[in-house]
Amino acid sequence: MSGRDLFCQPRRIRHGAALTLVFASVLAAGAATGSFGGSDAKQPSTESVVPAGHDDVTEAAERAMADGKSPMEAAERAVSRSGDRWSAVYSQGEYEELEEALDGQYTGVGLSARRESDGRIEVTRVQPGSPAARAGIRKGDLLRGVDGEDVTGRPVTEVVSLLRGDADDAGAGSRVRLGLQRGTHTWSEVLRRARLSTDSVTVRRLARDITLIKVTAFTKGSGDRLRDAVDRAPKGGGIVLDLRGNSGGFVAEAVTAASAFLDGGLVGTYDVDGDQRVLHAEPGGDTTRPLVVLVDGGTMSAAELLTGALQDRGRAVVVGTRTFGKGSIQMPRRLPDGSVAELTVGHYRTPAGRSVDGRGVTPDLEADDGALQRAETVLGGLGDAS
């Protein structure tokens, strides 16, 4: 298994809740997770590099197994003692779900939602062809309950966990009852969960032949989809690459995305247990088209690596707010009971040698509300690419 730059919660929360950050993206138009991924020889392998300081996690799990105790719980305690907020421990089932999310797949009903200021959970999107779509649920409907539990006022991550049936390890085909409201009409629907695919790259046309490409996560294939979108964009038109809320993905996919805008050269460097390695863009990218990258506090890790590369190489103007600041690399270790410990093994840097870990990427132009309009103004000032 390949090395990971994984975006999980700093500590594993009992039975599935640790994965809600991953699947909140599926439900609430956020992002997935992050990892190195791919079979590139430049990427670290699970077996080849394990810092000595992490041996105590495995040893604790092995001792627990020998004593008839839970290896997973022992590993969790060891990770907690390490003080590393990005390392985490997953059950075998949780880890399989996490890998599926990295593949752009999930088990659910096909709803995107958000919590309003008054606590109501509003449906913001219904995935075409999903169980929710077949049941006639629409954008703007309110989600009032899941399997009899009132969800009003609850964090979206908890709603995700209920919809997925994490507490019961529910899979595709399992039933879930939703309480819904449209205007003054309230009703309930019983849906069967299904295996669904996420679309992490979306494209739409703005004014003046500007193309907006939004990448919500660097899942498998997203880099190639972004390159295709760039190739299809109007000649001479600018591009806004929206990475707001992108909490990461496969670093290899982020490098492929960088290759859409760079003609080879350095994308970043990373260390694994002191061993320095490099990430290079492929030659042949579009280096003349005006480009603005939108970022915010939800732009994380692999997305920060891409942003830093385009900024350092002078290829893009970065607009928005400071990014999250997660630049550490995690790699998986299989424990005796089949659970998996994701342990930090190194950090990456941008082409100029900047570390984003704990610092983030500072935009060239600060903008919060109205960031997209600011990006369009910037592109107008950059001029025609033809």
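**Helices and a hairpin**

Author: This is a predicted model. One place to begin is helix α2, which passes α3 in a right-handed crossing.

Reader: At what angle do the axes of α2 and α3 cross?

Author: The axes of α2 (residues 55-66) and α3 (residues 71-82) cross at roughly 150 degrees and come within 8 Å. Angles over 145 degrees count as roughly antiparallel, and the two helices are therefore roughly antiparallel to each other.

Reader: Which residues in α2 meet α3?

Author: Asp56, Val57, Ala60, Ala61, Ala64 and Met65. On the α3 side, they meet Pro71, Ala74, Ala75, Ala78 and Val79.

Reader: New topic: α7. Which of its residues are buried?

Author: In α7 (residues 222-232), the buried residues are Ser222, Gly223, Leu226, Ala229 and Val230. Down the axis of α7 they fall within an arc of 120 degrees, so they line one face of the helix.

Reader: What's on the other side of α7?

Author: Asp231 and Arg232 are exposed there.

Reader: And what covers the buried residues?

Author: The cover on α7 includes strands β10 (201-205), β11 (211-215) and β12 (239-242), and also helix α8 (251-259).

Reader: Last one, β17. How many of its residues are buried?

Author: Six of the seven residues of β17 (residues 328-334) are buried, so the strand is largely enclosed by the rest of the structure.

Reader: What is β17 joined to?

Author: Seven bridges join β17 to β18 (residues 340-349), and the two strands run antiparallel. Among the pairings, Arg333 has Ala341 in β18 as its bridge partner.

Reader: How many residues lie between β17 and β18?

Author: Five, and the two strands form a hairpin. In the turn, Gly338 has a positive phi of about 95 degrees.

Notes: Residues are numbered from 1 along each chain as its sequence is written. This is a predicted model: local features need pLDDT of at least 70, side-chain atom pairs count only at pLDDT 80 or more; totals for chains, interfaces and linings use all residues. Side-chain values use heavy atoms; hydrogens and water are left out. Buried means under 20% relative accessible area, exposed over 50%, partly exposed in between (1.4 Å probe, protein chains only). Helices (H or I, at least four residues) and strands (E, at least two) are DSSP runs, numbered from the N terminus. The arc is that of the directions from the helix axis to the C-beta atoms. Contact means heavy atoms within 4.5 Å. Two strands pair if DSSP finds at least two bridges between them. Axes are lines fitted to C-alpha atoms, for helices over the stretch in contact, and angles run from 0 to 180 degrees between N-to-C directions. Angles under 35 degrees count as roughly parallel, over 145 as roughly antiparallel, 65 to 115 as roughly perpendicular and the rest as oblique. A crossing is left-handed if the near helix is turned anticlockwise from the far one by less than a right angle, and right-handed if clockwise.
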